[in-house]
Amino acid sequence: MPLCLCNFTTLSKAQKEMVLQWRNHERIRTYMFRQTPILGQEHTDFIEKLKRSLDRRYFLVQYESSDIGVIDFTHISSHSATIGLYVNPYLNQKGLGSLLMSAILGYAKETLNLSLLYAEAFATNTKAIHLYQKFGFFEVGEKEVNNQHIICMERIDENRSF
């Protein structure tokens with residue numbers, strides 16, 4: 001069964017509430033630049049802004065009738081984007097990160113036709129770093145954000161065939 005990408009701008013009220021609950025879950029928040037809880041109205045306003053944005057796309061990802069996580073593309077240009085993902089914190093299945101990365105690479109190639117993807121991860125988030133490396137990302141730099149050490153990574157494909 002293929003992965004289903006549900007654009008945040010078309011989610012039902014219940015799906016929006018579920019995604020907000022995931023985003024505010026301590027396991028997810030720990031690895032986000034903003035680590036304070038997001039309020040309901042902030043979440044609603046964010047999704048409304050996505051409807052007008054040309055350089056950002058967020059998706060709820062479903063697999064085998066299960067909501068498995070979220071992927072996003074920001075700073076989208078004609079050839080590149082920054083990607084992000086998080087797994088549904090209430091699922092304990094192995095391989096969900098790989099499914100989300102497959103969704104990212106498929107959308108980047110088939111819909112956005114990108115040749116360069118950027119990713120960032122807290123240096124302490126070794127699971128994310130290993131996942132990115134598994135899918136061909138390599139470290140290109142480091143930076144500090146909110147007193148957190150960040151690893152900057154990228155994945156290049158001049159042939160645009162992820």
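**Close-up views of a predicted model**

**View 1. Asparagine 147 in the loop between S6 and S7.** Asparagine 147 lies in the loop that links S6 and S7. The model is predicted. The phi angle of asparagine 147 is near 65°, which is a positive value in a residue other than glycine. Asparagine 147 counts as exposed, at 78% relative accessibility.

**View 2. Serine 65 in the loop between S2 and S3.** The loop between S2 and S3 holds serine 65. For serine 65, phi is near 65°, again a positive value in a residue other than glycine. The relative accessible area of serine 65 is 75%, so this residue is exposed.

**View 3. The open sheet of seven strands.** Seven strands form an open sheet with mixed pairing, in the order S1-S2-S3-S4-S5-S7-S6. Strand S1 (4-7) and strand S6 (138-145) are the edge strands, since each pairs on one side only. From one strand to the next, the twist averages 30°. Strands of a sheet pair through backbone hydrogen bonds, and the pairing is either parallel or antiparallel.

**View 4. The pairing of S2 with S3.** S2 and strand S3 (residues 66-74) run antiparallel and are joined by seven bridges. Phenylalanine 59 stands opposite isoleucine 71, a residue of S3.

**View 5. Helices H4 and H5 across the sheet.** Helix H4 (residues 96-110) lies across S1, S2, S3, strand S4 (80-87), strand S5 (116-122) and strand S7 (148-156). The direction of H4 is at about 45° to S3. Helix H5 (residues 126-134) lies across S4, S5 and S7 and runs at about 160° to S5.

**View 6. The buried side of helix H3.** Which residues of helix H3 are buried? In H3 (residues 40-50) they are His43, Ile47 and Leu50. These residues cover an arc of only 55° around the axis, and therefore sit on the same side of H3. An α-helix has 3.6 residues a turn, so residues three or four places apart point the same way. Helix H1 (13-24) and strand S2 (57-63) are among the elements that cover the buried residues of H3.

**View 7. The crossing of H1 and H3.** The axes of H1 and H3 come within 11 Å and cross at roughly 115°. This crossing of H1 and H3 is right-handed. On the H1 side of the contact are Lys16, Val19 and Leu20, which meet Gly40, His43 and Ile47 of H3. By class, the residues in the contact of H1 with H3 are three nonpolar, two polar and one charged.

**View 8. Serine 80 in strand S4.** Serine 80 is found in strand S4. Is serine 80 buried or exposed? Its relative accessibility is 8%, so serine 80 counts as buried; the cut-off for buried is under 20%. Leaving aside residues up to four places away in sequence, serine 80 touches His75, Leu114, Leu116 and Tyr118.

**View 9. Cysteine 152 in strand S7.** Strand S7 contains cysteine 152. With a relative accessible area of 14%, cysteine 152 is buried. Not counting residues up to four places away in sequence, cysteine 152 touches Ala119, Glu120, Phe138, Glu139, Val140, Gly141, Glu142 and Lys143. Cysteine 152 and glutamate 139 are 13 residues apart in sequence, and their C-alpha atoms are 5.8 Å apart in space.

Technical notes:
Residues are numbered from 1 along each chain as its sequence is written. This is a predicted model: local features need pLDDT of at least 70, side-chain atom pairs count only at pLDDT 80 or more; totals for chains, interfaces and linings use all residues. Side-chain values use heavy atoms; hydrogens and water are left out. Buried means under 20% relative accessible area, exposed over 50%, partly exposed in between (1.4 Å probe, protein chains only). Helices (H or I, at least four residues) and strands (E, at least two) are DSSP runs, numbered from the N terminus. The arc is that of the directions from the helix axis to the C-beta atoms. Contact means heavy atoms within 4.5 Å. Two strands pair if DSSP finds at least two bridges between them. Axes are lines fitted to C-alpha atoms, for helices over the stretch in contact, and angles run from 0 to 180 degrees between N-to-C directions. A crossing is left-handed if the near helix is turned anticlockwise from the far one by less than a right angle, and right-handed if clockwise. Ala, Val, Leu, Ile, Met, Phe, Trp, Tyr, Cys and Pro count as nonpolar, Asp, Glu, Lys and Arg as charged, and the others, Gly among them, as polar.
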